[in-house]
Amino acid sequence: MSWQQRIDRALEQRRANDSFRIRQVNQQGSGRYLVQNETRYLNFSSNDYLGMSHHAEVIQAWQQGAESYGVGSGGSGHVTGYHQAHQQFEQQLADWLGYPRALLFISGFAANQALIAALTEKADRIVADKLSHASLLEAAMHSPAQLRRFAHNDVQSLQMLLAQPNDGGLQLAFTEGVFSMDGDAAPLAEIAQASLDCGALLMVDDAHGIGVIGQEGRGSCDQQQIKPDLLVVTFGKAFGASGAAVLCSESLADYLLQFARHLIYSTAMPPAQASALTAALRVIRRDDARRAQLQANIAHFRAGAEALPLKLMASQSAIQPLIVGENQAALNLAATMRERGFWLTAIRPPTVPQGTARLRVTLTASHTREDIDRLLEALNDATR
């Protein structure tokens with residue numbers, strides 16, 4: 001078999017399974033509205049949960065940062081790319097979340113890959129929630145450690161795996177605060193206790209909880225009153241931008257600065273972006289009204305969606321999946337909703353398990369009650 005034959009076979013299989021992914025070119029797309037081909041849609045696929053991507057204070061901070069620092073960092077943070085704006089944001093982030101240190105990464109994917117690659121050795125065991133994000137599971141599979149997956153949000157399953165003999169190796173347990181495809185929350189307090197009891201290092205990816213829940217938006221761990229050894233927060237959701245940070249101890253931070261290859265060998269995020277993220281953090285900390293509006297929108301959607309002939313997942317987060325089932329049916333429903341002026345994304349395997357293709361509805365503080373009522377009415381008409 002040639003390389004081209006292998007590639008063609010893989011593509012044909014994706015098309016045959018109705019799971020072929022296609023990128024869409026938008027003129028505007030991160031906020032309440034998405035514009036494509038000069039047509040405007042109400043956008044229910046954005047992770048910009050608090051509307052930070054269009055917040056005037058955040059935009060102004062980015063513009064001022066670009067004037068001060070330029071539009072790029074100029075290199076790795078270990079060479080010339082670590083600027084004052086990065087340092088200030090790291091310090092404010094660490095103070096906000098109650099950790100000694102914060103380290104910035106260019107993405108949440110890079111942060112998760114870097115941590116697992118840098119920390120684990122061949123004798124170690126990684127115990128992961130079965131539905132953890134692809135960046136976590138892929139890093140674990142490619143690491144030298146043994147990967148074991150516990151049943152989703154099942155603390156007893158986690159305890160059983162952690163209690164098994166490990167021939168002298170160390171253990172790393174990881175989970176998400178809010179799961180990206182089902183929208184449900186992990187029982188973090190129980191997971192933290194199970195990890196502590198077995199001497200396992202605990203890592204939590206709170207990409208979809210940070211900024212949205214907890215006091216001042218400190219996220220899932222604050223809400224459940226735990227402090228994992230490693231906390232990963234990302235800035236592509238509630239912060240409205242991109243990038244990520246790892247919160248940890250002084251010694252872990254120093255270790256990662258020496259051994260985390262994704263950090264050492266990547267160009268640092270633009271300092272202007274760090275300036276914008278600092279502004280977003282200020283807004284997030286003080287603006288309880290945005291979080292309250294988001295929670296009201298979630299409650300209103302769920303109250304109306306219970307009447308739809310689709311399975312509504314048990315999520316109290318901004319992620320509200322509606323299970324359709326078959327891939328083509330989910331694609332058809334998304335297309336029908338698009339014809340009615342709503343942008344919804346059909347999520348299909350391999351991102352989610354077979355037979356659970358869905359519309360992943362994401363709600364934001366920017367949506368109005370009328371937006372949600374229109375969406376529910378259109379979904380009801382389209383599904384009936």
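Biologist: Which residues form one aromatic cluster?
Modeller: Phe89, Trp96, Phe235 and Phe239 do. Rings of Phe, Tyr and Trp (its six-membered ring) pair if their centres lie within 6.5 Å; planes under 30 degrees apart count as stacked, over 60 as edge-to-face and the rest as tilted. This is a predicted model: local features need pLDDT of at least 70, side-chain atom pairs count only at pLDDT 80 or more, while totals for chains, interfaces and linings use all residues. Residues are numbered from 1 along each chain as its sequence is written, and side-chain values use heavy atoms, with hydrogens and water left out.

Biologist: How many aromatic pairs by that rule?
Modeller: Six. One of them is Trp96 with Phe239, an edge-to-face pair at 6.3 Å centre to centre with 70° between the planes.

Biologist: Where do Trp96 and Phe239 sit in the chain?
Modeller: Trp96 is in helix α3 (residues 84-97) and Phe239 is in the loop between β8 and β9, 143 residues apart. Helices (H or I, at least four residues) and strands (E, at least two) are DSSP runs, numbered from the N terminus.

Biologist: Is Trp96 buried or exposed?
Modeller: Buried, with a relative accessible area of 1%. Phe239 is buried too, with a value of 1%. Buried means under 20% relative accessible area, exposed over 50%, and partly exposed in between (1.4 Å probe, protein chains only).

Biologist: What about Tyr255 and Phe259, how are their rings placed?
Modeller: Their centres are 4.7 Å apart and the planes stand at 40°, so the pair is tilted. Tyr255 and Phe259 are four residues apart in helix α9 (residues 250-259), about one helical turn. Tyr255 is partly exposed at 28%, and Phe259 is partly exposed at 47%.

Biologist: New topic. What is the strand order in the open sheet?
Modeller: The seven strands run β3-β9-β8-β7-β6-β4-β5, with mixed pairing. Two strands pair if DSSP finds at least two bridges between them.

Biologist: Which strands stand at the edges?
Modeller: β3 (101-105) and β5 (146-150). Each has a single partner strand, so one side of each is left without a neighbour in the sheet.

Biologist: And how many bridges join β4 to β6?
Modeller: Four, between β4 (residues 125-129) and β6 (residues 171-176), which run parallel. In β6, Phe174 is the bridge partner of Ala128.

Biologist: Last one: what lies over the face of Phe20?
Modeller: Arg15, at 4.2 Å from the ring centre. A charge sits over a ring if NZ of Lys or CZ of Arg is within 6 Å of the ring centre and within 35 degrees of the ring normal.
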